[in-house]
Amino acid sequence: MTAVSEMIVPSFDDDVETGRKLAIICSKGSLDMAYPGLILGNAALGEGVELHLFFTFWGFDIITKGRMEDLKFSPVGNTAAHIPAALAPLPGMTSMATHMMQKSMDALEIPSVPEFLDLIVASGGHLWACQMSADMNKLKKEDLYDGVEAIINASSFIEMTEGAQLLFI
Amino acid sequence: MTEYDQWDEDMGKALAEAIGVEMTDEHWKAIRFLREDFKVQGETPTIRRVSTAGGIDTKQLFVLFPKKPAKKMAYIAGLPKPHGCV
């Protein structure tokens, strides 16, 4: 064994209360736009950063039990999908594009949306649902993923994320 | 430490102590999984992989190796930090 005196001991910042906080507003409900928030949020938790995810507008689908497992990816209007613009709106294109995206994510062992939320909650992340979106969609707490802590209004979210770094997706 | 075989469990224990982690059987289960998985896959497993393939609950990993489980486990196991995003 190498002598202990030669050991490089990194500081994991355990003793420093950095209080770093990240708040991510997830406002989109398509498969491709759901993942960035989940991936970044999960990475933040792994770095010991306090995380709050706020689901609003179309992003509500990410936490709606009946929809979260069936998010879609549409190539329409998305030049980065590299499909000729005239073909993108054809029937069946969305399900084909979704299927292809799902396949490449499965190959990388990226978890499904519900499984990702499980991982975030288990790592100590906080999930919040937007009050207005719940009202618009006529959804109650029981219609939402179990890990969602509460349905809150925008001002409560702003209040609880004081001093946080904020991302809007 | 630059070679895989330079590490042994005594060293793991010393590294853990240096960062304030007292090793229990549960800690060792995670660290041994990291060592084995690295040998097979050629890269350090992420938190998710330790939980899905290694069978240790994510929540528990945050208890065993507080705040930054992936980096702390890699350090104790004498492996590079994980490259995977998830």
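A:Met136 is partly exposed, with a relative accessible area of 49%; buried means under 20%, exposed over 50% and partly exposed in between (1.4 Å probe, protein chains only). The model is predicted: local features need pLDDT of at least 70, side-chain atom pairs count only at pLDDT 80 or more, and totals for chains, interfaces and linings use all residues. Residues are numbered from 1 along each chain as its sequence is written, chains are lettered from A and ligands numbered from 1 in the order written, and side-chain values use heavy atoms, without hydrogens and water.

A:Met136 lies in helix 4 (residues 131-137) of chain A. Helices (H or I, at least four residues) and strands (E, at least two) are DSSP runs, numbered from the N terminus.

Chain A also holds an open sheet of 5 strands. The order is 4-3-2-1-5, with parallel pairing. Two strands pair if DSSP finds at least two bridges between them. The edge strands each pair on one side only.

| Edge strand | Residues |
|---|---|
| Strand 4, chain A | 148-152 |
| Strand 5, chain A | 165-168 |

Strands 1 (residues 21-26) and 2 (residues 50-55) of chain A pair over 6 bridges, in the parallel sense. A:Ile25 stands opposite A:Phe54 in strand 2 of chain A.

Now chain B. Helix 5 (residues 69-76) of chain B has 7 of its 8 residues buried, so it is largely enclosed by the rest of the structure. Among the buried residues are B:Met73, B:Tyr75 and B:Ile76. Just after helix 5 of chain B, B:Gly78 takes a positive phi of about 65°.
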